[in-house]
Amino acid sequence: MGKVYVFDHPLIQHKLTYIRDVSTGTKEFRELTDEVATLMAFEITRDLQLEEVTINTPVGPAQSSVIAGKKLGIVPILRAGLGMVEGILDLIPTAKVGHVGLYRDPETFQPVEYYVKLPKDIEERDLIVVDPMLATGGSAVEAINSLKTRGARNIKLMCLIAAPEGVAQVQQDHPDVDIYLAALDEKLNEKGYIVPGLGDAGDRLFGTK
(Lines give C-alpha, C1' and ligand atoms only; values in the text may rest on other atoms or scores of the structure.)
Protein backbone atom coordinates (compact mmCIF):
# COMPACT_ATOMS: atom_id res chain seq x y z
CA MET A 1 0.00 0.00 0.00
CA GLY A 2 1.33 3.42 -0.95
CA LYS A 3 2.17 5.78 1.89
CA VAL A 4 0.47 9.12 2.49
CA TYR A 5 2.59 12.07 3.59
CA VAL A 6 0.94 15.26 4.87
CA PHE A 7 3.47 18.09 5.12
CA ASP A 8 3.06 20.11 8.31
CA HIS A 9 5.84 22.61 7.59
CA PRO A 10 4.77 26.01 8.98
CA LEU A 11 5.42 27.87 5.71
CA ILE A 12 3.31 25.39 3.75
CA GLN A 13 0.45 25.60 6.23
CA HIS A 14 0.63 29.40 6.39
CA LYS A 15 0.47 29.82 2.62
CA LEU A 16 -2.23 27.16 2.28
CA THR A 17 -4.46 29.22 4.56
CA TYR A 18 -4.41 32.10 2.08
CA ILE A 19 -4.87 29.74 -0.87
CA ARG A 20 -8.07 28.49 0.76
CA ASP A 21 -9.38 32.00 1.57
CA VAL A 22 -12.24 33.01 -0.74
CA SER A 23 -11.01 36.62 -0.71
CA THR A 24 -7.63 35.71 -2.30
CA GLY A 25 -7.60 36.93 -5.91
CA THR A 26 -6.30 35.15 -8.99
CA LYS A 27 -2.83 36.76 -8.98
CA GLU A 28 -2.20 35.98 -5.32
CA PHE A 29 -3.71 32.50 -5.64
CA ARG A 30 -1.38 31.69 -8.53
CA GLU A 31 1.70 33.01 -6.71
CA LEU A 32 0.87 31.15 -3.51
CA THR A 33 0.27 27.90 -5.39
CA ASP A 34 3.69 28.27 -7.02
CA GLU A 35 5.32 28.90 -3.65
CA VAL A 36 3.66 25.93 -1.94
CA ALA A 37 4.59 23.68 -4.88
CA THR A 38 8.24 24.72 -4.43
CA LEU A 39 8.13 23.97 -0.72
CA MET A 40 6.45 20.61 -1.32
CA ALA A 41 9.04 19.75 -3.98
CA PHE A 42 11.74 20.36 -1.38
CA GLU A 43 10.08 17.77 0.85
CA ILE A 44 9.19 15.24 -1.85
CA THR A 45 12.79 15.08 -3.08
CA ARG A 46 14.21 14.42 0.37
CA ASP A 47 14.93 10.76 -0.46
CA LEU A 48 16.89 11.40 -3.68
CA GLN A 49 20.13 9.45 -3.69
CA LEU A 50 23.49 11.23 -3.74
CA GLU A 51 26.88 10.30 -5.09
CA GLU A 52 30.26 11.74 -4.20
CA VAL A 53 32.30 13.71 -6.73
CA THR A 54 35.56 15.62 -6.66
CA ILE A 55 35.47 19.31 -7.51
CA ASN A 56 37.87 22.24 -7.32
CA THR A 57 36.94 25.16 -5.12
CA PRO A 58 38.85 28.48 -5.32
CA VAL A 59 40.94 27.14 -2.43
CA GLY A 60 41.54 23.56 -3.57
CA PRO A 61 40.02 20.14 -4.32
CA ALA A 62 36.99 18.93 -2.34
CA GLN A 63 34.80 15.88 -2.06
CA SER A 64 31.15 16.87 -2.43
CA SER A 65 27.75 15.38 -3.35
CA VAL A 66 25.47 15.54 -6.38
CA ILE A 67 22.16 13.90 -7.10
CA ALA A 68 22.55 10.39 -8.48
CA GLY A 69 20.19 7.85 -9.97
CA LYS A 70 17.21 8.36 -12.21
CA LYS A 71 16.20 11.60 -13.85
CA LEU A 72 13.06 13.44 -12.77
CA GLY A 73 9.86 14.25 -14.64
CA ILE A 74 6.87 16.42 -13.71
CA VAL A 75 3.46 15.50 -15.10
CA PRO A 76 0.62 17.96 -14.43
CA ILE A 77 -2.95 16.81 -14.91
CA LEU A 78 -4.53 19.43 -17.16
CA ARG A 79 -5.57 22.01 -16.55
CA ALA A 80 -5.22 22.81 -12.86
CA GLY A 81 -1.98 20.88 -12.49
CA LEU A 82 -0.27 23.51 -14.62
CA GLY A 83 -0.47 25.86 -11.65
CA MET A 84 2.08 23.79 -9.73
CA VAL A 85 4.67 23.18 -12.45
CA GLU A 86 6.65 26.44 -12.34
CA GLY A 87 7.01 26.22 -8.59
CA ILE A 88 8.62 22.79 -8.88
CA LEU A 89 10.84 23.85 -11.81
CA ASP A 90 12.14 26.73 -9.68
CA LEU A 91 13.72 24.06 -7.48
CA ILE A 92 14.42 21.38 -10.13
CA PRO A 93 15.01 23.29 -13.39
CA THR A 94 16.44 20.26 -15.23
CA ALA A 95 13.28 18.15 -14.78
CA LYS A 96 11.37 17.32 -17.97
CA VAL A 97 7.64 18.10 -18.12
CA GLY A 98 4.94 15.88 -19.58
CA HIS A 99 1.20 16.53 -19.75
CA VAL A 100 -1.91 14.43 -19.29
CA GLY A 101 -5.26 15.94 -20.30
CA LEU A 102 -8.52 14.48 -18.99
CA TYR A 103 -12.18 15.51 -19.17
CA ARG A 104 -15.20 14.09 -17.38
CA ASP A 105 -17.75 12.30 -19.55
CA PRO A 106 -21.08 14.11 -19.00
CA GLU A 107 -23.03 10.85 -18.99
CA THR A 108 -20.79 8.41 -17.13
CA PHE A 109 -18.94 11.07 -15.06
CA GLN A 110 -15.76 9.05 -15.65
CA PRO A 111 -12.47 10.72 -16.66
CA VAL A 112 -11.57 10.34 -20.34
CA GLU A 113 -8.06 10.87 -21.71
CA TYR A 114 -7.86 13.45 -24.50
CA TYR A 115 -4.17 14.44 -24.54
CA VAL A 116 -0.90 12.84 -23.48
CA LYS A 117 2.56 14.22 -24.26
CA LEU A 118 5.50 12.77 -22.34
CA PRO A 119 9.31 12.76 -22.44
CA LYS A 120 10.60 9.94 -24.67
CA ASP A 121 12.55 8.34 -21.82
CA ILE A 122 9.55 8.22 -19.48
CA GLU A 123 10.38 4.71 -18.28
CA GLU A 124 13.76 5.92 -16.98
CA ARG A 125 12.41 8.82 -14.93
CA ASP A 126 11.07 9.23 -11.43
CA LEU A 127 7.77 10.99 -12.08
CA ILE A 128 5.84 13.45 -9.94
CA VAL A 129 2.19 13.71 -11.01
CA VAL A 130 0.74 17.03 -9.85
CA ASP A 131 -2.82 18.26 -9.39
CA PRO A 132 -3.95 20.77 -6.75
CA MET A 133 -6.98 18.69 -5.72
CA LEU A 134 -7.44 14.96 -5.06
CA ALA A 135 -11.21 14.70 -4.72
CA THR A 136 -12.81 11.45 -5.92
CA GLY A 137 -9.46 10.21 -7.19
CA GLY A 138 -10.81 9.40 -10.66
CA SER A 139 -8.57 11.80 -12.59
CA ALA A 140 -5.45 10.85 -10.65
CA VAL A 141 -6.09 7.14 -11.16
CA GLU A 142 -6.66 7.61 -14.90
CA ALA A 143 -3.57 9.82 -15.28
CA ILE A 144 -1.41 7.23 -13.53
CA ASN A 145 -2.95 4.55 -15.76
CA SER A 146 -1.91 6.61 -18.79
CA LEU A 147 1.67 6.82 -17.54
CA LYS A 148 1.96 3.15 -16.67
CA THR A 149 0.63 2.00 -20.05
CA ARG A 150 3.45 4.04 -21.62
CA GLY A 151 6.16 2.43 -19.52
CA ALA A 152 6.39 4.57 -16.38
CA ARG A 153 7.37 2.59 -13.29
CA ASN A 154 8.27 5.07 -10.56
CA ILE A 155 5.45 7.51 -9.82
CA LYS A 156 4.58 9.85 -6.95
CA LEU A 157 1.40 11.91 -6.65
CA MET A 158 1.57 15.45 -5.25
CA CYS A 159 -1.56 17.49 -4.41
CA LEU A 160 -2.29 20.54 -2.30
CA ILE A 161 -5.47 19.18 -0.75
CA ALA A 162 -7.11 15.74 -0.72
CA ALA A 163 -10.31 14.12 0.51
CA PRO A 164 -10.10 10.72 2.23
CA GLU A 165 -12.22 9.24 -0.57
CA GLY A 166 -9.67 10.22 -3.21
CA VAL A 167 -6.73 8.94 -1.20
CA ALA A 168 -8.48 5.60 -0.72
CA GLN A 169 -9.24 5.31 -4.45
CA VAL A 170 -5.63 5.93 -5.49
CA GLN A 171 -4.35 3.50 -2.86
CA GLN A 172 -6.79 0.86 -4.08
CA ASP A 173 -5.98 1.21 -7.79
CA HIS A 174 -2.28 2.10 -7.51
CA PRO A 175 -0.89 0.70 -4.25
CA ASP A 176 2.67 1.35 -5.48
CA VAL A 177 2.17 5.14 -5.66
CA ASP A 178 2.98 7.30 -2.63
CA ILE A 179 0.80 10.40 -2.09
CA TYR A 180 2.16 13.77 -0.90
CA LEU A 181 -0.24 16.41 0.44
CA ALA A 182 -0.27 19.82 2.07
CA ALA A 183 -3.60 18.94 3.75
CA LEU A 184 -5.96 15.99 4.12
CA ASP A 185 -9.44 17.44 4.47
CA GLU A 186 -12.67 16.15 5.99
CA LYS A 187 -14.74 14.73 3.12
CA LEU A 188 -16.42 15.26 -0.25
CA ASN A 189 -19.79 16.99 -0.42
CA GLU A 190 -22.71 15.87 -2.58
CA LYS A 191 -21.27 17.75 -5.58
CA GLY A 192 -17.87 16.09 -5.29
CA TYR A 193 -16.10 19.16 -3.86
CA ILE A 194 -13.58 18.76 -1.07
CA VAL A 195 -14.79 20.15 2.30
CA PRO A 196 -13.53 22.64 3.40
CA GLY A 197 -11.22 22.61 0.37
CA LEU A 198 -10.58 25.73 -1.68
CA GLY A 199 -13.26 25.64 -4.39
CA ASP A 200 -12.39 24.96 -8.03
CA ALA A 201 -8.60 25.19 -8.32
CA GLY A 202 -8.63 25.64 -12.11
CA ASP A 203 -11.10 28.49 -12.00
CA ARG A 204 -9.18 30.23 -9.22
CA LEU A 205 -5.83 29.78 -10.99
CA PHE A 206 -6.98 31.02 -14.39
CA GLY A 207 -9.74 33.46 -13.45
CA THR A 208 -12.52 31.45 -15.11
CA LYS A 209 -15.98 30.49 -13.91
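The model is predicted: local features need pLDDT of at least 70, side-chain atom pairs count only at pLDDT 80 or more, and totals for chains, interfaces and linings use all residues. Residues are numbered from 1 along each chain as its sequence is written, and side-chain values use heavy atoms, with hydrogens and water left out. Helices (H or I, at least four residues) and strands (E, at least two) are DSSP runs numbered from the N terminus.

**Nonpolar cores**

A nonpolar core is a set of buried Ala, Val, Leu, Ile, Met, Phe, Trp, Tyr and Cys residues joined through side-chain atoms within 4.5 Å. Buried means under 20% relative accessible area, exposed over 50%, and partly exposed in between (1.4 Å probe, protein chains only). The largest core has 35 residues, of which Ile19, Met40, Ile88, Val130, Met158 and Ile161 touch the most other members. Two or more residues each come from helix H1 (10-20), helix H2 (26-44), E4, H3, E8, E10, E11 and H6. H2 gives the most to this core, with seven residues. Apart from this core lies another, of 24 residues, including Leu127, Leu157, Val167 and Leu181. In soluble globular proteins, nonpolar side chains tend to be buried together.

**Helix H5**

Helix H5 (residues 164-173) has Gly166, Val167, Val170 and Gln171 buried. Seen down the axis of H5, these residues fall within an arc of 130 degrees (taken from the directions from the helix axis to the C-beta atoms), so they line one face of the helix. They pack against strand E1 (4-6), strand E9 (133-134), helix H4 (138-149), strand E10 (154-162) and strand E11 (178-184). Glycine 137, in the loop between E9 and H4, is buried, with a relative accessible area of 3%. Leaving aside neighbours within four places in sequence, glycine 137 is in contact (heavy atoms within 4.5 Å) with Gly166, Gln169 and Val170.

**Annotated binding site**

An unreviewed UniProt entry lists a "binding site" that includes Arg79, Arg104, Asp131, Gly137, Gly138 and Asp200. UniProt positions are given in the numbering used here, and annotations may be inferred rather than shown by experiment. From this set, the lining of the largest pocket takes in residues including Arg79, Arg104, Gly137, Gly138 and Asp200. A pocket is an open set of points on a 1 Å grid over the protein atoms alone, where a 1.4 Å probe fits, with protein on both sides within 12 Å along at least five of seven lines; lining residues have an atom within 4 Å of a point.

Most peptide bonds are trans.

**Arginine 125**

Arginine 125 lies in strand E8 (residues 125-130) and counts as buried at 4% relative accessibility. The side chain of arginine 125 reaches the backbone oxygen of leucine 72 at 2.7 Å. The arginine 125 side chain also makes a polar contact with the side chain of aspartate 121 (2.9 Å). A polar contact is a pair of N or O atoms within 3.5 Å; within protein, one must be able to donate a hydrogen and the other to accept it, and residues adjacent in sequence count only if both atoms are side-chain atoms.
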